[in-house]
Amino acid sequence: MQLLVLSLVLLALTALGYRLGRGRALAVIDCHPRHLHSLPSYHGYWVAMWCGLPALLVLAGWLMFEPSLLRALVMSALPAELAGLPDERLALVYNEVRNVARYGHSASSAAVADAARHYASLRQTIFAAAALAALSLAIAGLVYARSRIHRQLRTRNRVESAIRVFLIAASLVAIFTTIGIVLSLLFESLRFFQSVSVSEFLFGTSWSPQMAIRSDQVGSSGAFGAVPLFTGTLLIAGIALLVAVPLGLLSAVYMAEYAAPRFRAVVKPLLEILAGIPTVVYGFFAALTVAPFIRDAGTALGLTVASESALAAGLVMGIMIIPFVSSLADDVITAVPHSLREGSYGLGATKSETITLVVLPAALPGIVGGVLLAASRAIGETMIVVMAAGLAANLTANPLEAVTTVTTQIVTLLVGDQEFDSPKTLAAFALGLVLFTITLALNMVALSIVNRYREKYD
Amino acid sequence: MTDNSPTAAAAHRPSLDAAAHVRRRYAAERRFKAIGLGAIFLALGFLAILLWTIVSNGLSAFMQTYIRVDVRFDAESVAGEDYQGAIKSALYARFPAVESRGERRELAALLSSGADTALRRMLTADPSLVGTTKPVWLVASDDVDMAIKGHISRQPGASGNRLTDRQLGWLGELEAAGTVEKRFNTILLSSGDSREPELAGLWGAVVGSVFSLVITLIVSFPLGVATAVYLEEFAPKNRWTALIEVNINNLAAVPSVVFGLLGLAIFLNFLGMPRSAPLVGGLVLALICLPTIIIAGRAALKAVPPSIREAALGLGASRLQVVNDHVLPLAMPGIMTGTILGMAHALGETAPLLMIGMVAFIVDIPASPLDPSAVLPVQVYLWADSPERAFVERTSAAIMALLLFLGAMNLAAILLRKKFERRW
């Protein structure tokens, strides 16, 4: 609330800066814009920039560092009986202090109530300091920039270079996101590999990530061999591809080679709907309808089917990725030059013979690339398997049994409140690292295949 | 040809074979075509089954069973805020034969444990009700609701342990008296989450989704447009630019759950932002849909013909003025279309939000992006996990709401494209 008011005040100041700067520029030249180096509005933008940017930086710094600063100050002022607690208890106490101070919860002890009062007053002080700094910087910037305006001032160049800096910074966000992903996965994984060796994680065949709350408890060490997760992921993704590749490829062939334009215009968007439906909906569908159907069908045939069979999850995931395969295959099939087809027709081949003997072999690299992209999609897909695949890590190739996947385990390990430092939660990051590496590699290979193929016919 | 000589017949035979061969080849052709068409209809059939399952399960959730009882607003229970007591005595008065404690508990279980809020609301609206006896329609419990809708059997002894035979008997009596009614389910659309299916609503999740999407839009639209403009209009063709481009293409293919891990490690643990808050959810979703917006934006900018840039440059505009005054306005419809599609994708995203703690059970409607909140797809996930039968139809109803929002966004994108699309 306070922050909103402060931002509005700063925004108003910036707008005022624009008007003052523009007015000043017009006054300097007695309303003869030709005498000015830049348009008057650029002078306005320049003053507004001087007014708004420093204040914005102060606010951003406050938003970034307020929580940690507050925590450090409050912790250092805690009475001895609280400050002596072990770290995880201390974190709980701090949480309570914050809840008491901010949301008016009732405090469990007098010391906590004191700390909460301290917290509230510190928070006010820090905010007041930040607000004061931001406002004074804004006013100072406004006054300074306005006083600098003169006839020859090249405000357009300055404003434009500032905007260019912003453009470059924006395009670096993508790089920083990747770096952030890699670093956060790597750091937490390294901490995980301090307690579980890399070879045990990558080649161990038993997965039961139960960590005990106390170290002397029975069965206190979990097993972190991820091979059952990898095979489970491959099994489900394989089933999905078995469904999606034939269906997607055949529908792409029909769309590209046979369909009338009007049929195409209606059916293509309908197929794309399959890709637009949220995965959580597919997960619900798999768990509610498909899994029981498969189990009942299996029972009728005399087979034992787990209620969370890999087949159900894979089947539904396959339906989801049909449009990926079909739209990519459609692209590469239409990219095959017409001269190839005409040559084949000229030799007397029928349309289907041309497609199977000429067009598809020519489009094969692109199709393979598309299938690899679909595979990476299937491996990284989360909600369907979380809702429809099992949690037990079975090392099996039988699609009727329940298996678990990498993404399912990431979610189950991290959902719910647990302490952040146990190998159990850190294992999720190691799994995330494996997932990231594999999907990245698949994408790189797929994109390079598709690109090389495109160049061949362009 | 009337020539019947053996040599001529021998000359004919291969051509008969050839005709059969051609027929076979044409049959293969027709088969191939039919298989292709079959694949398309199979895929569309899956879509139809999916939508039909959701709609047929979810439609009944928009109605909710209410039971009418004559409640006496006596001064005591109003003063003690004991509306449950008032409801119970009304029920006991309706069935005077019920006397043992166990039976009375079963009787009270016909109504929802949250039925008293209706009484409280009535009294705050009209304090003069104290001391009077009024017929009031109260929310039935989820099991009664399911029985009325036919989702659990009403044959005595067949309904398992959900409703006892006695309860079914009372229900039949109430129905015969015309005091059971299905009404439009306003609770589903207007309240927050609840452990009781009949009291659970979507509104909290809708508000949370709106907050998240607003944050996502505020963060990702300027960043995405700026990146697209830089890469398409200003960036020199060098190794760095190539690196950024490869990077963006790869980010577009990173599994969303990995973005959730990033949000957990950086936003929550490193920067100390609040768990379960739409603010953090919005930031993570912004990173996820940034590549979509950039790629769509670059395509839109590329479609603006160079002649427009050259004309503006020739009249003395600076490159930034060219972009800002001429190229961007022309590319804006395309960029907006891409942004809406990216937002629609973000609206349906679930997995990364589970990572940053948006699975908490939250009853209150969030008042700001910093309050803990659920979002629509996570609400679907939470309800799908609940064991109560009544949550199945509510999950389907939540999915219908989600698909409705998605459909509206996609329709907006299509209309935008139709209206403003220009070809030069």
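User: What do the domain bounds used for chain A rest on, and where do they fall?

Analyst: Domain bounds come from an automatic or database domain assignment. In this predicted model, that assignment divides chain A into domain 1 (2–153) and domain 2 (223–457). The centres of domain 1 and domain 2 of chain A, taken over C-alpha atoms, are 49 Å apart.

User: Why is B:G281 called buried?

Analyst: Buried means under 20% relative accessible area. B:G281 has a relative accessible area of 0%, so B:G281 is buried. This residue is found in helix α12 (residues 278–303) of chain B.

User: Which residues is B:G281 in contact with, leaving aside its neighbours within four places in sequence?

Analyst: B:G281 is in contact with B:L353, B:I356 and B:M358; contact here requires heavy atoms within 4.5 Å. B:T124, in turn, lies 157 residues from B:G281 in sequence, and their C-alpha atoms are 37 Å apart in space.

User: Is B:S276 buried or exposed, and how do you know?

Analyst: The cut-off for buried is under 20% relative accessible area. B:S276 is at 7% relative accessibility and therefore counts as buried. B:S276 sits in the loop between α11 (256–270) and α12 of chain B. Although B:S276 is not a glycine, its phi is positive, about 60 degrees.

User: How do you know that the length of helix α9 of chain A agrees with its number of residues?

Analyst: The expected span is 1.5 Å times one less than the number of residues. Helix α9 (residues 261–276) of chain A has 16 residues and so should span 22 Å; its end C-alpha atoms are 23 Å apart, which agrees.

User: Which residues of α9(A) are buried?

Analyst: They are A:V267, A:L271 and A:L274.

Technical notes:
Residues are numbered from 1 along each chain as its sequence is written. Chains are lettered from A and ligands numbered from 1 in the order in which they are written. This is a predicted model: local features need pLDDT of at least 70, side-chain atom pairs count only at pLDDT 80 or more; totals for chains, interfaces and linings use all residues. Side-chain values use heavy atoms; hydrogens and water are left out. Helices (H or I, at least four residues) and strands (E, at least two) are DSSP runs, numbered from the N terminus. Buried means under 20% relative accessible area, exposed over 50%, partly exposed in between (1.4 Å probe, protein chains only).
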